[in-house]
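Work through the exercises below with the sequence and the coordinates side by side. Each task is followed by a solution in steps.

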Amino acid sequence: MNPRSMLIFWLIFSATAAIPQERKASNTRLTGYVRDAETGLGLPAANVVVRGTEWGTATDSTGRFVFRHLPAGRYLIEVRRIGYKPQIRQVTLTPGAPTRLDFGLLPEPISMEEITVESRRIDMMTQPMLSTKVTAPRIARLAPATVTDILKTVPGVATSRSGSWGNKPYFQGMTDSRILVFIDGVKVNQACPMGMDACTATLEPDLVESMDVQLGPGSAQFGSGNMGGIIRVSTLGSKFAGRPDFTTEVGLTSRYLSVSNSRIQAFSFSGGNHRMDFIAKLVAARHDDYRSARGVIANSGFDANTLHVKARYRPSMNQQWQTTLQLYRARDIGWPAANTIIPRERRNTVAVNYMATNLTRFWKSLQLNLSYQPMYHNMINYLDAGDPIYSESQSNTWNASMDGEWIFTPHWRMRSGVFFSRWSMRAWRQVTDPNAPVILQDIIPDSRLDEAGLYLETDYRLTAKWKLQMGGRFNRISSTAAQNPNSQFFAGDLQKSEGVFSGSAALLYNLTNNTAFSASITRGFRSATPVERYIAAPMLDGYYRVGSPGINSESNFSKRVGFRGFGSRFNWNIELYQHALTDMIVAEVQPDVPSPIAGLRGVKRFRNVQNAVVTGFSLYAGWRPARHWSVNTTLAYDRGYDRRDGSPLPGLAPLRGNVQLRYERPEKGFWAEVSADLAADQNRFAAIFGEVRTPGYAVFDMRLGWKWGDYVDVSLGMENLFNRYYRNHLNLSLLPEPGRNVTLRLNLTLPGPIRGKRAEPLRPEDLLQVQIGVEGMACEYCVKTVTERLSSVPGAFSVKVSLAEKRARVVLQKNTAPEALIQAVERAGFQARILQIQSDNDGN
């Protein structure tokens, strides 16, 4: 199928999903709102169904639903939404009498897989700028060797391979420092001047709770690097935050990948209660050289160990302190792309976060973040002739930020914040001379890049159908470096300071309750890194690379339009984009400048390209032909050129897509899926940057798994089913992708040594008995909901709910306000009032 036919097919397929399907009934109108029980905000795209019938609808952008013609009678109404616990309420409808029924859903971790594309649907009707979320269950099913293996499953993301470690994602032609990476809110930089450890190379997949991936520049919240996309990683935390009793758990995970004889072992210990919780996890990974369909790729293995510790403390219902520690250690990392070995790679991360919610009537949240991240990297480059080159590099990153959110009306929300970051870096290599002692020569002198930023962003719902999101940001960037007499650095001003404005404006129009149109313009920017400003060293491409201290920041003026929606069986998203790049930073060959080191191909110096353009599209469509079956498909294409002469830009993948068929039985704990990755020939490539023509390919994978209760989870897979020999276009080293790969994952979750122990001794004088009147309960499902909501209030230790009396009795700690019980019930959609409060030792 040629590209034009594929595009026509997807447009027809998506248009079919938009055909409205109306149910006809009679007599009575039922309306209501579905809200987040914690924030009180309306939830769009929630499924509202009448149990035992075919009647169903979805909430609109404000969380409202309508059944216009229901027959009179008694019904059970069920509301479901991905990421929330379902809720059921009973309602009795009388002829000709409109009835209102509200719901409040509690967020919960996804127990089964949250499909990547379904995570788009969660905010489809509220967010003009969509992102894709990949959660821990999906990651576990993939059994990835690296985080890049996770990213390549995201629609529109392409990857390049340099071995098994350090593979890079490409977002619409951009990679490395043009993609912002945050791990638990900590901005990640690199230590290697050649970018070997850029992006997510030093993060183990087993530590990822979720990944939120956005293609293209994001909103005004993000500073330097907001060019090609954003990756926000949340690492594992404890799941015991809401429990009154202190409980612990032990986890054991073992994974095996046949293509590289990879053995990954993980041990975790977690625990907590409503006041505090923690997790400690140790991951040890051993990867041998991987095999392609035609043989072993030598020097491609590595070993890595990671310690991850996260602890949270909640002094009150609306406050939380969080501390995160990560220690990453890798050794003997093979880099077959350049005949190089990395003996040691090290990353430490220490972060402290404070969050408070519901501070005042309008001030909804405050968040403070402090972090420190040192990195170290060394390598040995074995040249074809001469002695090996030994080099070392290190970097330190300090981050501090403060963010706040205000909700002035149900239609107006505002966010603002300040951010400071300091990135210091130094790299050097050993220079040997038989007639002189060994000296250290700077690759990058002691250098520093400081960034301070301030942003303001607002969301405003103009009408029931129109929503506007806009914001602005100002950044002050300054860089400096120390001169070194041993450096080969070319002369130039070593200091640079500049102010940069950026911002975004996005509009969402809800055509119907389940279709929407979006449009956005964004100006993102990236300041030149210490590598681009100050480097002076031979690089892996055989050129001597020279920085330019006075180089300008580059910017991306991005324009995007999209059309998205969902039906009872379909959901889809179509997006078109154009990135207008100004002062794009590239390394250009200097034919008249001799190399300081004999035998190299020449000299490249960083400079700005004034104007370049990248355009493209991405399509997604999902279909549920039957109850347990689903089909998900994606298609993406990128095209870029230099406006000076029309020559193609590097780093752009060909037309590519994915088709996935899934069968799932959550009640039985079984799932299975088959998928195909497809890519067309890449006949348009940037030869001056080392790219060559790449043939297309089709690669098939299959996976299945079982889960027994809460304790045992097993999955088995086979990737590259037919052992296809192929490579990705973005792989400039021409390394083939792995051949057939059998994956096995076993996860055991065991009760810990401490279970059911109270965090604090309970004395009668510390407790209150609170009686609450509850209006709106009509069935046992309502009783269950009210009981769950009251039990979730920190400090509530005994809850009894009576349907006949329409009241609840709660034993509550004195340091918990009884009003918290009322709030919990009302956010579930019921009405509540306090009837009586007395001490637990009053004898009543």
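**Exercise 1: a loop residue and its contacts**

Determine which residues Gln127 touches, leaving aside residues up to four places away in sequence, and where Gln127 is found.

Solution. Leaving those sequence neighbours aside, Gln127 touches Lys467, Gln469, Leu508 and Arg564. The model in which these contacts are found is a predicted one. Gln127 itself is found in the loop that runs between α2 (116–122) and β9.

**Exercise 2: an open sheet**

Work out in which order the 5 strands of the open sheet containing β9 are arranged, and which of the strands are at the edges.

Solution. The order is β9-β14-β15-β12-β13, and the pairing in this open sheet is mixed. The edge strands are β9 (132–135) and β13 (186–187), each of which pairs on one side only. Within the sheet, β12 (residues 179–183) and β15 (residues 229–235) run parallel and are joined by 5 bridges; Ile179 has Gly229 in β15 as its bridge partner.

**Exercise 3: the pairings of β16**

Solution. Leu257 has Ser262 in β17 as its bridge partner, and the hairpin of β16 and β17 has 4 residues between the strands, with Asn261 taking a positive phi near 50°.

**Exercise 4: cores and a buried arginine**

Identify the residues with the most contacts inside the largest nonpolar core, and decide whether Arg545 is buried or exposed.

Solution. The largest nonpolar core has 35 residues, and those with the most contacts inside it are Trp165, Met196, Ile342, Ile444 and Ile535. Elements that each supply at least two residues of this core include β21 (302–316), β26 (412–433) and α5 (530–534), while the largest share, 4 residues, comes from β22. Another core, of 25 residues, lies apart from it and has Val783, Val786, Ala828 and Phe830 among its members.

Arg545 is found in strand β32 (residues 543–546). With a relative accessible area of 10%, Arg545 is buried, the cut-off for that class being under 20%. Beyond residues up to four places away in sequence, Arg545 touches Ile535, Ala536, Ala537, Met539, Ala587, Lys604 and Phe606.

**Exercise 5: the buried residues of a helix**

Find which residues of helix α7 are buried and what covers them.

Solution. In α7 (residues 819–826), the buried residues are Ala820, Leu821, Ile822, Ala824 and Val825. Their cover includes β43 (767–775), α6 (780–791), β45 (807–813) and β46 (831–839). When reading the spacing of such positions, recall that an α-helix has 3.6 residues a turn, so residues three or four places apart point the same way.

Technical notes. Residues numbered from 1 in each chain as written. Predicted model: local features only at pLDDT ≥ 70, side-chain atom pairs only at ≥ 80, totals over all residues. Heavy atoms only, no water. Pairing = 2+ DSSP bridges. Core = buried A, V, L, I, M, F, W, Y, C linked by side-chain atoms within 4.5 Å. Buried < 20%, exposed > 50% of the residue type's maximum accessible area, 1.4 Å probe, protein only. Contact = heavy atoms within 4.5 Å.
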